[in-house]
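Dear colleague,

I am passing on a structure that is new to you, and my notes on it follow directly below. Please read them with the structure open beside you.

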Amino acid sequence: MIATTKHPLHPYLKADATVYWQEGIPCVPVQPLSEAIAANSYYFGHPDWAWGYFEACHRDEAFQSRWQSAIGNWDGKIVVDVGCGPGNLYAAVGGSPQLLVGIDISFGGLQMAKKLGYTPLLADAQNLPLLSEFADIVTINASLHHCDDMETTMLEAARLVKPGGKLITDHDPQRSAWDFRGIGRLLWDLRLPLYRFLQRGGHASDREQNWALATEAHHRPGDGMSVDFYHRLLEPLGFAVKVYPHNHTVGEEVFQGNYGRSERKYRIGQRLSGIQPDSPEAALSLMSVATKTVNSNS
């Protein structure tokens, strides 16, 4: 257990949680590490790569607008950010939660998140050492597809939400949008050398690119999320679920059914794969806002 009852996480840890300290960060042993989980730990813990990700990803105006609208106001609330990485979500949204818990498998990423104001916890998102129903808001941004078992991760996150609270997820790839085939798949595979040439975020070198790709457990043609995933898992637990497909280009407009327009390269790949680019099924990501009913018996 954590050595002092004064630590903010102490009231919310399971009684049987095994926790050790590393440089002021509480950690739960995670063994064995799968290939994808080990890659996430290493990639997002690398100081240069994590900083590059923090600077380049999930900080734009549309992202900020979308998340602020979904959250509403989290000032004074207990928030758990599952898969927080170096802290992109809080850096984009801001605000003053009563407690902002950042959970990740990457120690280096948590060190960065701690400097932003997170209360960090190193733990496996698929087996959280936290009590049920204590959080007002639980967030998962661009993290489900990095986990081996997306269903277990979602169920663990849902378990933390108190009645009346929210579970918000975003930036996980919609499977039907990424089902590239034939020439479309060939173009998808040829993108990697171009990304390295442009030194696009996460692809500055062969080594960085290889590690970045290894973190993506479920982001490849034929894999990813579906709208049914959220309804099937969360509605039996007493959540009212709404899912919003989008192309990363719209903010709060997504909640009025506007999923925006994807970049030309995606549209070309989709057309060559028999996917209609202007359909909701072709929207690159899914955002889900699920509210737990007050009379839930989960």
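All 6 of the 6 residues of strand S4 (residues 99–104) are buried, so the strand is largely enclosed by the rest of the structure; buried here means under 20% relative accessible area, with a 1.4 Å probe and protein chains only, while helices (H or I, at least four residues) and strands (E, at least two) are DSSP runs, numbered from the N terminus. This is a predicted model, in which local features need pLDDT of at least 70 and side-chain atom pairs count only at pLDDT 80 or more, whereas totals for chains, interfaces and linings use all residues. Residues are numbered from 1 along each chain as its sequence is written, and side-chain values use heavy atoms, with hydrogens and water left out.

In a regular strand the side chains alternate between the two faces of the sheet. In S4 both faces are covered, with Leu99, Val101 and Ile103 buried on one side and Leu100, Gly102 and Asp104 buried on the other.

S4 runs parallel to strand S3 (residues 78–82), to which 5 bridges join it, and valine 82 has isoleucine 103 of S4 as its bridge partner; two strands pair if DSSP finds at least two bridges between them. S4 also pairs in the parallel sense with strand S5 (residues 119–122), over 4 bridges, and there aspartate 104 stands opposite leucine 122 of S5. From S4 the chain crosses through helix H5 (residues 107–116) to S5 in a right-handed β-α-β crossover, where right-handed means that, with the strands pointing away from the viewer, the path from the first strand over the helix to the second runs clockwise. S3, helix H4 (residues 88–93) and S4 likewise make a right-handed β-α-β unit.

Histidine 46 lies in the loop between H1 and helix H2 (47–56), and at 17% relative accessibility histidine 46 counts as buried. Leaving aside neighbours within four places in sequence, histidine 46 is in contact (heavy atoms within 4.5 Å) with Trp51 and Arg207.

Arginine 159, in helix H6 (residues 150–159), also counts as buried, at 19% relative accessibility. Not counting residues up to four places away in sequence, arginine 159 touches Lys14, Leu128, Leu130, Leu131, Ser132 and Glu133. Between arginine 159 and tyrosine 259 there are 29 Å in space, C-alpha to C-alpha, and the two are 100 residues apart in sequence.

With best wishes

Terms used:
Buried < 20%, exposed > 50% of the residue type's maximum accessible area, 1.4 Å probe, protein only.
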